[in-house]
Amino acid sequence: MAVLATAAPAASVATSARVPLAFAAGLFIGVWLTAHHSLINTSPSSAPKPAASAARPQDVLTDEDEDTHRGWFRSAVAGTNHLEAAPPPPLPPQRRKDDSKKFTLLQATYVGGTGDDCITALAPAKQNGAVWFAGYTTSMDGVAATASRGVKPAGAEDGFAAMLTPSGSLSALRYLGGSADDRATALAPDGAGGVLVAGYTESDTWSTVRLAGNVAGRRDAFVLHQTARGTVDAALRVGGSGDDEARAIALRNGVLWVAGVTDSIDLPTTSNAPRAKRGGGGRDGFVLAIKFTPKSKTPLAIAALTYASANIGTDGLEAIAAPPTGSSLGLGIWFGGEVTARAGLSVQPWLIGMSSSRGAVHVSESLTLCGGEEMVGGRVHAAVAESAAVRRAQPRRGMPSVWAVGSSVSTSVTPPPGSSSSAVLTSPRGGVAGAESSNCSSWFHATHGAATHADAFVTRIAGDGGGDPQKGARLGGSRGDVAHAISSDRGRVWVAGFTESPELLTAEEAKGALAPNLRGRSDAFVAKVNAESSTWVGADGRLSALGVTYFGGSGEDAARAVLAADDGSAWIGGLTSSADFALSADAQQRRYGGGGSDAFLARLA
């Protein structure tokens with residue numbers, strides 16, 4: 001069976017008998033993580049797991065009507081854990097303005113059964129105090145002890161999506177999949193209390209949901225709409241003859257944007273695609289635009305599908321940063337991932353900007369982050385558009401300002417003279433092409449650890465159309481560190497991931513940390529950054545955050561999702577193999593469920 005050259009999203013769960021943990025950001029990272037990790041599965045096709053003709057587009061793509069679908073986005077979230085419980089006490093008003101480096105654990109609980117469970121995505125719900133979460137499970141007794149409610153998975157591994165209500169109960173739980181392996185990887189709120197879910201499926205049919213579209217390959221991407229009541233009123237699958245995975249999703253002005261990876265040579269690209277043919281290498285990224293019209297005969301209608309590739313080697317996309325519907329923070333959307341920008345180089349962190357109008361998709365930016373020889377490799381794992389609350393000039397058209405996080409290995413502080421690289425999305429039809437990427441900037445300081453260990457990075461790119469990284473900082477120690485997720489609200493940016501480094505925290509950061517020391521082989525980490533500060537990059541290139549903390553137990557832990565709230569707190573989701581994970585006093589599932597890992601859900605301030 002064909003598999004992707006670079007595998008599923010990092011932080012797929014695995015036991016010691018499973019394929020080792022990896023985030024698949026190129027050969028250098030794959031080798032490092034294969035030797036050092038067991039939480040992230042680089043071969044999701046292995047069992048068991050834990051861890052094409054052109055389509056006719058609809059002329060529906062437009063970002064010009066900024067008032068359309070206004071009000072879909074809510075950033076205020078709160079909530080509690082998965083079983084019945086009293087709601088948590090509210091945070092003090094204006095907590096968001098407290099820039100203290102001290103962390104407070106508000107809630108933390110296991111979410112899992114006797115198999116492997118992981119939360120991969122979080123999204124706000126329309127109902128104040130509710131939050132959506134999604135992921136995958138191999139627990140046949142059900143995620144969050146739902147077996148007693150008569151709700152069970154359909155296959156060996158199923159995706160799931162559920163909502164936590166303000167009262168702390170689990171609502172709208174839906175297992176997503178059939179008899180084979182399926183995962184939910186991304187969420188976006190629909191503006192009416194429901195959620196849009198993306199992921200991948202290896203099942204020809206699902207037990208309770210009809211997937212529109214043909215079975216094209218061994219693994220296809222899927223997108224569906226789930227209402228606040230848990231019903232699925234629209235679902236479709238997209239793919240070619242190879243393996244296709246949706247990794248990120250965002251809704252803006254009635255258009256649902258999906259990004260992912262593919263090794264299919266025959267994706268059913270649309271006539272308005274900037275790139276209709278696959279590039280070289282083991283895999284490419286793809287961008288899918290879907291017109292979302294709820295309560296219509298066709299709630300999900302494909303409007304555009306294009307490859308995203310630099311034409312040389314391995315490429316892929318797994319992040320989207322889009323301003324909220326109705327905002328004036330630029331009309332473009334950022335996509336992040338990895339790119340082989342030049343022959344002989346490993347994959348590099350990559351950001352490309354796209355916009356749409358009158359049915360056409362345009363590539364306006366293509367930026368390789370420090371693509372010179374001094375970087376052994378890297379990847380953008382997540383990105384978020386800068387909040388309108390940040391007090392600095394914001395573009396009203398063009399690309400919005402964006403924050404991105406990921407991981408990289410860099411062996412020197414400054415780039416070699418004249419180093420540059422080109423990551424251009426060219427069109428075989430001679431149409432719109434991406435702009436050439438900028439020269440490597442010296443903001444990407446050398447990694448703290450050895451050349452075989454990655455550091456997490458955080459960068460901000462101004463939305464002025466220039467495309468140059470304005471600032472960037474690393475966060476890492478002597479071993480491996482990966483930033484998987486980022487979220488922002490009201491001038492504060494939250495970053496989450498995992499670390500193996502025992503000296504990740506400074507002495508000052510340790511004073512305010514939930515846990516000042518690494519507890520297991522790897523712990524989740526959480527950092528909070530003042531987006532309005534001009535000093536979040538230290539003199540040595542290290543992230544100068546409001547606070548950084550370890551979070552985990554004596555096993556292996558990784559944060560895979562983060563969601564900022566306007567009260568100053570943030571939800572964190574991921575996976576843990578620790579039987580002594582850091583739980584709050586009111587945790588509704590206090591015992592480790594078993595298997596290779598449990599999901600965890602926590603709220604920090």
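This dialogue goes through some features of the structure above.

Reader: What kind of model is this, and how are residues numbered?
Author: This is a predicted model, in which local features need pLDDT of at least 70, side-chain atom pairs count only at pLDDT 80 or more, and totals for chains, interfaces and linings use all residues. Residues are numbered from 1 along each chain as its sequence is written, and side-chain values use heavy atoms, with hydrogens and water left out.

Reader: How many helices and strands does the chain have?
Author: Helices (H or I, at least four residues) and strands (E, at least two) are DSSP runs, numbered from the N terminus. Here the chain has 2 helices and 28 strands.

Reader: What share of the residues is buried?
Author: Buried means under 20% relative accessible area, exposed means over 50%, and partly exposed lies in between (1.4 Å probe, protein chains only). Of the 605 residues in the chain, 66% are buried.

Reader: Which strands form the open sheet, and in what order?
Author: Two strands pair if DSSP finds at least two bridges between them. In this structure 4 strands form an open sheet in the order S22-S23-S24-S25, with antiparallel pairing. Strand S22 (481-489) and S25 stand at the edges with a single partner strand each, so one side of each has no neighbour in the sheet. On average, neighbouring strands of this sheet are turned by 20 degrees against each other, direction ignored; axes are lines fitted to C-alpha atoms, for helices over the stretch in contact, and angles run from 0 to 180 degrees between N-to-C directions.

Reader: Which residues stand opposite each other in these pairs?
Author: S22 and strand S23 (residues 492-499) run antiparallel and are joined by 8 bridges; in S23, Ala-496 is the bridge partner of Ala-485. Strand S24 (residues 523-530) pairs with S25 in the antiparallel sense over 5 bridges, and Ala-527 stands opposite Val-548 in S25.

Reader: Is strand S25 mostly covered or uncovered?
Author: Strand S25 (residues 547-551) is mostly covered, with 5 of its 5 residues buried. Gly-547, Thr-549 and Phe-551 point one way, Val-548 and Tyr-550 point the other way, and all are buried.

Reader: What is a nonpolar core, and which residues have the most contacts inside the largest one?
Author: In soluble globular proteins, nonpolar side chains tend to be buried together. A nonpolar core is a set of buried Ala, Val, Leu, Ile, Met, Phe, Trp, Tyr and Cys residues joined through side-chain atoms within 4.5 Å. The largest one here has 25 residues, and Trp-403, Leu-475, Ile-486, Val-495 and Leu-543 have the most contacts inside it. Among the strands that each supply at least two residues of this core are S22, S23, S24 and S25. S24 gives the most, with 3 residues.

Reader: Which residues does Leu-543 contact?
Author: Contact means heavy atoms within 4.5 Å. Leaving aside neighbours within four places in sequence, the contacts of Leu-543 include Val-458, Leu-475, Ala-527 and Trp-536. A second, separate core of 22 residues includes Ala-221, Ala-246, Phe-286 and Leu-300.

Reader: Which residues other than glycine have a positive phi, and are they buried or exposed?
Author: One of them is Asn-253, with phi near 50 degrees, in the loop between strand S10 (244-252) and S11. Asn-253 counts as buried because its relative accessibility is 3%. Lys-295 has a positive phi of about 70 degrees and is found in the loop between S12 and strand S13 (300-308). Lys-295 counts as exposed because its relative accessibility is 86%.
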